[in-house]
Amino acid sequence: MTEREHDWAALGIDVTRPSIARAYDYALGGKDNYAPDRGFIDQLNQVLPEVTRLARDNRAALRRGVRHMAETGIRQFLDLGSGLPTVENTHQVAQAVAPESAVVYVDNDPIVLAHGRALLAENERTTVVTADLREPAAVLAHPEVNRHLDLTRPVGVMLVGVLNHLHDQEDPRGIVRAYMDAVPSGSLLFMTTFVDVDPASEELEKAFLGMLGTGRFRSFEETLTWLEGLEILEPGLVHIPEWRPDGPVGLPLGTIGRLGAAALARKP
């Protein structure tokens, strides 16, 4: 174990097993990852070559989603299961549109807080909270969440690439509802998740569950139930590359382009 890994171990951070945040960082070309994280992604690439494009598509959708929410007037964002800071983070995209935008990142991996604090030290309208999105009441009661966000005003709630890491018994639908019940009318939810629309999704799900313990590919029909009671905005729940693209989308999408879906929904 390197000196840096010893330092992380002292903080209770296990770098001997892959983590969602660090594996995603590696898939995006980041440097805040370790051999187990890289090995996990490399094994996924053996199941489906170039699977890292799914991570890049997901990140590009985050940028488009945040930009749209900011352009429509959202000035505070709750980014749940945010992962490690990389390029064009939520606060950078939102504050490029409206500098007064406030952002709270929430992740249960303590390494996210360690890296996030350094990145955000000079941004007083942005903070990182170590908490588990599966516990909405605790997240919503957190002092840092309430110091940065006014939950009586519309909030952009973000669940980008995280609901697919919840098992059925963890009730992703109930978690979405708990957060959206806590924010006022006019709030927006931006969501991306894995979808089961291609035979490759079965093999990828086996690989995710076998190596990481999470990673579910669900049907469009089941995913839509998570948005019940909300107004799903155009273009609806669609494959990630098709969600409000910045330019022409190459068709057909191919296997990787079909494995994720995105949606934006408004609380009436």
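I'm working on a predicted model.

**Entry 1: the second largest pocket**

I looked up the volume first: the second largest pocket holds about 200 Å³ of space. Then I went through its lining, which comes to 16 residues. Nearest the centre of this pocket I find Leu 113, Arg 117, Thr 127, Val 128 and Glu 144.

Which elements each supply at least two residues of the lining? I get α6 (110–120), β3 (126–130) and α8 (143–148). Strand β3 gives the largest share, with five residues. I also sorted the lining of the second largest pocket by class, and noted seven polar, five nonpolar and four charged residues.

**Entry 2: α3 against α10**

Next I turned to a helix pair. I have α3 at residues 35–47 and α10 at residues 200–211, their axes 10 Å apart and the packing angle about 160°. Angles over 145 degrees count as roughly antiparallel, so that is how I log α3 and α10 relative to each other. For handedness, I wrote down a right-handed crossing where α3 passes α10.

Who meets whom? From α3 I list Phe 40, Gln 43, Leu 44 and Val 47. Their partners in α10 are Glu 203, Leu 204, Ala 207, Phe 208 and Met 211. By class, I count seven nonpolar residues in this contact of α3 with α10, plus one polar and one charged.

Note on methods
Residues are numbered from 1 along each chain as its sequence is written. This is a predicted model: local features need pLDDT of at least 70, side-chain atom pairs count only at pLDDT 80 or more; totals for chains, interfaces and linings use all residues. Side-chain values use heavy atoms; hydrogens and water are left out. Axes are lines fitted to C-alpha atoms, for helices over the stretch in contact, and angles run from 0 to 180 degrees between N-to-C directions. Helices (H or I, at least four residues) and strands (E, at least two) are DSSP runs, numbered from the N terminus. Angles under 35 degrees count as roughly parallel, over 145 as roughly antiparallel, 65 to 115 as roughly perpendicular and the rest as oblique. A crossing is left-handed if the near helix is turned anticlockwise from the far one by less than a right angle, and right-handed if clockwise. Contact means heavy atoms within 4.5 Å. Ala, Val, Leu, Ile, Met, Phe, Trp, Tyr, Cys and Pro count as nonpolar, Asp, Glu, Lys and Arg as charged, and the others, Gly among them, as polar. On a 1 Å grid over the protein atoms alone, a cavity is a set of points where a 1.4 Å probe fits but cannot get out, and a pocket is an open set with protein on both sides within 12 Å along at least five of seven lines; lining residues have an atom within 4 Å of a point. Grid points are joined across faces, edges and corners, and a volume is the space filled by probe spheres set on the points.
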